[in-house]
Amino acid sequence: MSQMENSKKGFVSIRKKFFRYCVWLVLCLFLIICISLAAMIYCDRSSDRVLENYEVFSLFWNDLEDLDNLLYSHMQTPGVQTEKGVRERLSSLMSGAEKLKYEILDPRIEDLFILTSGLEENGTLFLEMDAEKESVRVDQYSCANRYRMELESLKRNFYDALENYMIKRRSRMKEVQMMIWAGLLAGGGIIFAYFVRYTGKITRHILNPVSNLTQQFQKIISGNTEIRLNYLEREADELDILNNVFYRMVETNNRSMQELQNKAELERNLAHTQVSNANLRARLDRTKLRLLQSRVSPHFMFNTFNILAGLAIAEGAERTRQFAVKTAKYFRYSLVSLDKTVRLREEIENVRLYLEIQKARFGERLLTELTVSEECEDILVPAMILQPFCENAIIHGMGIESRPFRIRITASKKETMFQITVEDDGAGMNTERLASVKESLLEWDEYDDSDGIGVKNTFQRLQMYYEGQARCLIESTPGEGTRVELWVPVG
Amino acid sequence: MYRKKKARFIVTGFVFAMLVAACVGGLCSRFRKNTETQTAAEPLRAVIFSSEPNNGVSSTISHVAVQLKKELEGDEKVYLSSHVVELGHYRDLEYKVNTAIDLDSDVLILSGSSVRDLEMLKKLKDAGIRLIFVDGDCPEGGRDAYVGTDNQAAGRLAARTALEKTGGGKAVILSAPQIASNKTRSREQRREGIMSLIAEEEGSSIEILTEKQCSPDSLVTKAEVKELLLTSPETGILFCLDSASGIAAAAALKELQKTEEVYVICFDLPMQVEEELTSGGIDAAVVQNFEECGCICAKLLREMAEDSEAVKNRMETVDCRIVTAKDVGEPDGK
């Protein structure tokens, strides 16, 4: 909630951003226009004032010239008309001088004003003089005229002052114009730079997210699901919201897909396990069936050998009796314990019986050696796991040669495994044969209906018993013998 | 982030506000300046009359007026009215006095050499107008201050320069006719200066053959100088105590084609003297330092604006300098 509030706090919609941008732009333009207008008005007014002063100045001298004539006329023949004219001129001169004094700050224009004031004062006095007092009038006229003449004599100085004023005014106007232009240029430059930066920023702010989202959409369309989730911490505007919503959507989609994949995998594994179980069960059934079938023959053989032993006793054939007894024992073991687990020493005892039976056939040529370490004697192993290897050694390794044939069986513990070895010094196998045997050991033929207690069958029983942890290593050298190592886990 | 933006917004607003304030403030200050100037306290009003610099009379006052104008331009305590008038008016002391009175001036700056009528000066005093003399003193005129050359020192400078340039010789002293007593006095002082230096320099080879006062008519003066040079052909130096006699001497020498033989030195630097310096008619002129003169005068006026009695009976002398042909052509006749 707090995060949402924080996120909302900094949120400024794009519309609002554009609105602000436009407001600033309009304000700046308005400011520039106002300054330009003010500058134009100032310059216009300055020009107007200069022209106006020039006009006033020109009128002043015209009035002064008129006044000379009017004063003289009034001096010669006083009359209402001339008096009125003189008064008008005096008044005009005075207002002109006053105006010039306040407009043109020059001591000489101040002189103009003072002399005009004197002229006005004396001129008015002259007008107010009694026409009868000729000499006083003349004096007053002279006095007023002196002021007028002084003004005339200094005229060029007043013109100089006016010219000086105009030059100054013009240079000041130029100065002000320059200042305003410089200010406008600087201000305009700053505003322009600001808006270029701001426009770039706002454009980037809009275009970058849109471009990014477009690329991500294209990736999704092209089947690429590995999209880097780029969440924004703060959603500043609608585009940021859109960005986060998009990534949230992608994330949800990815999660759903992952869940679906996991489910499918599980289902597949389950189906596989079920099939395997069914196969194993079928195989077990078949093995049991085969075992039951194979028991028929040992029973018959066991009974037969017991009968044979009885006959041997009756006939006094001791060796035959012993042979028959051993053979009967062997068959009884194989009959009773084939589908069971036995202690290793029982298995070793059974192999010894089998080898003694074989010795009865091959005599002294067959040499046997059985060495089992004490710690291995009590381990549980499937029954009949050694006899097939001994039988194979005799059948394939002994050959027809008359040289002694040695079979050695050892059992010992090696760290976490027990090692049971059956080795002979018989004919051995060539490379192809050895490879073929190894390959047949690795093949798991669920429907193998070959004889029940062969080498392959034995190894498969070991694998089933030890849940795939049993190992069988076969080494063979032609003419030197074969060595089979069975490795089964401790416990 | 949000705070940063807010801060940026405030800073931008502040910059804009400052810009507007600067523009408005700039405009307002200009208007206020005008208003303030108009309502300033009453200044000291001084007036100086000068004539055109090329109408034959000494232009010292014109140069001083120009310098004074420069110095007091825009001064709010001293208002200087520098009026250039026709020669007739310039020479008319009554006109200048009456105008100064009518202009309600506080101070009139006059050339002391032009004073002929002390009564007019009294009229000024009655009107409460104080006087500052430049280019020639007239202590009896009741002036407040004098700013100008020590004419005796100027004469000594002229004699020393002539001695250095020529190594000595026969010399003649020329002077223009008497117009006013003050001019006579200043010329006399210059002469005294020349004579004193010659006397001081033991074994000096300058020997004054004669002293001659020329005619007011320049043509007559020229003829007189020609005659003098013909009767005294050994003359090697001409001391002209004013510009008018110098110009006449130069014309005479040109006609006699003796400009190379005679060393002419005069006083003051009107346009004609400048021309003669350029053409070789006159070799050197002893000139007041107008700039310094104007500066001192402006200083005195400022002091008067502060205290009307501050410059009472003040006398400020300014050193002279020698101007030759190579100096002419530079600004202000240097």
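Among contacts in chain A between residues at least 6 apart in sequence, 71% join residues at least 24 apart, two residues being in contact if their C-beta atoms, placed from the backbone, lie within 7 Å. The model is a predicted one, in which local features need pLDDT of at least 70 and side-chain atom pairs count only at pLDDT 80 or more, while totals for chains, interfaces and linings use all residues. Residues are numbered from 1 along each chain as its sequence is written, and chains are lettered from A and ligands numbered from 1 in the order in which they are written.

The secondary structure of chain A comprises 12 helices and 7 strands, assigned as DSSP runs (helices H or I, at least four residues; strands E, at least two) and numbered from the N terminus. Of the 491 residues of this chain, 23% count as buried, a residue being buried if 20 or more other C-beta atoms lie within 10 Å of its own.

Within chain A, the axes of helix α4 (residues 107–128) and helix α6 (residues 155–221) come within 8 Å and cross at roughly 130°, where axes are lines fitted to C-alpha atoms over the stretch in contact and angles run from 0 to 180 degrees between N-to-C directions. That angle makes α4(A) oblique to α6(A), since angles under 35 degrees count as roughly parallel, over 145 as roughly antiparallel, 65 to 115 as roughly perpendicular and the rest as oblique. R108(A), I109(A) and L112(A) of α4(A) meet N157(A), F158(A) and A161(A) of α6(A), and the residues of this contact divide into 4 nonpolar, 1 polar and 1 charged.

The contact between the chains takes 23 residues from chain A and 20 residues from chain B. On the side of chain A that touches chain B, the elements giving two or more residues are α2 (14–76), α4, α5 (134–153) and α6, with the largest share, 7 residues, coming from α4(A).

Residues up to four places away in sequence not being counted, L301(B) touches L44(B), A46(B), L72(B), V78(B) and V107(B).

Conventions
Ala, Val, Leu, Ile, Met, Phe, Trp, Tyr, Cys and Pro count as nonpolar, Asp, Glu, Lys and Arg as charged, and the others, Gly among them, as polar. A residue is buried if 20 or more other C-beta atoms lie within 10 Å of its own, exposed if 12 or fewer, and partly exposed in between; C-beta atoms are placed from the backbone.
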